[in-house]
Amino acid sequence: MAVEQEMAQIYPPDAEELSQYLPETDCGQCGFADCLAFAEALITGRTVPSKCPELDQEWVGTLASILALDKDPIPYNVMMEQEPCTLLEINNPVTGSPVLITSNFRETVRIMKGILQETSTSAFLLPVFTHGYSVDNAVHERMFKATEVWKGLKENAVEAKAGRNVMIIPGLAEKERNAIRQMTGWEVMVGPVSGFLVPLFLLGNRDAFR
Ligand code: SF4
């Protein structure tokens, strides 16, 4: 078993992934050739979300908050620091609010909490035991385990609090989806690779979380 975590990445959104959360009509009304070019301009600070007239106000506000978030690299001296595997309730989630699964690496949890708080996103956030590995390293080291997801759900009585059995796992953990579904009996949705895009993923699936 590896005893040291590789340098954890924060996975800020790249233009290609961000463009998936734009209308993708390539209409050019924003002054750019297509949605991908607009996404690149957003990331490099050359435009603002409100320049796309196809986005509603909530989407514009959420996107602006995401772009303004601190995306500093994670310092090496905090590697493998662990967060308790306790369900976190961000922005007063209610029955039907989304259940997000993440690793118990303290920095991952801190960053995800910040993303949700700064975008006014209500959600349940469950860190599952990964020995303090970040999601990418946990998947690589086979520490993002379906059994730990199952344990986290049970020990925190998540189904009773969320009122449903649908979870969202990080895009980086996509290959564990079937194992988690079989172990827990929950429906498993795969979220974005970049945690910064989770609020837009939830907006895009808002009908599923009412
Ligand atoms: S205006 Fe919006 S939908 Fe049209 S190309 Fe620009 S980003 Fe895409």
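Modeller: Helices here are DSSP runs of H or I with at least four residues, and strands are E runs of at least two. Bear in mind that this is a predicted model.

Colleague: Thanks! How many helices and strands are there in the chain?

Modeller: From the N terminus, the elements run α-α-α-β-β-α-β-α-α-α-β-α-β-α. Counted by type, the chain has nine helices and five strands.

Colleague: What is the radius of gyration of the chain, and how does that sit with the globule rule?

Modeller: For 210 residues the globule rule gives 17 Å, and the chain comes close to that, so it is as compact as a globular protein of that length. The C-alpha trace spans about 50 × 40 × 30 Å along its principal axes. The radius of gyration itself is 17 Å.

Colleague: Which residues come nearest to the ligand?

Modeller: The shell around the ligand divides into eight nonpolar, three polar and three charged residues. Of the 14 residues around the ligand, the nearest are C27, C30, C35, F38 and C52.

Colleague: Is D26 exposed, partly exposed or buried?

Modeller: D26 lies in the loop between α1 (15-19) and α2 (35-43), and has a positive phi of about 55 degrees although it is not a glycine. Buried would take 20 or more other C-beta atoms within 10 Å, and exposed 12 or fewer. D26 has 14, so it is partly exposed.

Colleague: And where is N91 placed?

Modeller: N91, also not a glycine, has a positive phi near 55 degrees. With 12 other C-beta atoms within 10 Å, N91 is exposed. Its place is in the loop between β1 (88-90) and β2 (99-103).

Methods:
Residues are numbered from 1 along each chain as its sequence is written. This is a predicted model: local features need pLDDT of at least 70, side-chain atom pairs count only at pLDDT 80 or more; totals for chains, interfaces and linings use all residues. The radius of gyration is taken over C-alpha atoms; the globule rule is 2.2 Å times the number of residues to the power 0.38. A residue is near a molecule or strand if its C-beta atom, placed from the backbone, lies within 6 Å of it. Ala, Val, Leu, Ile, Met, Phe, Trp, Tyr, Cys and Pro count as nonpolar, Asp, Glu, Lys and Arg as charged, and the others, Gly among them, as polar.
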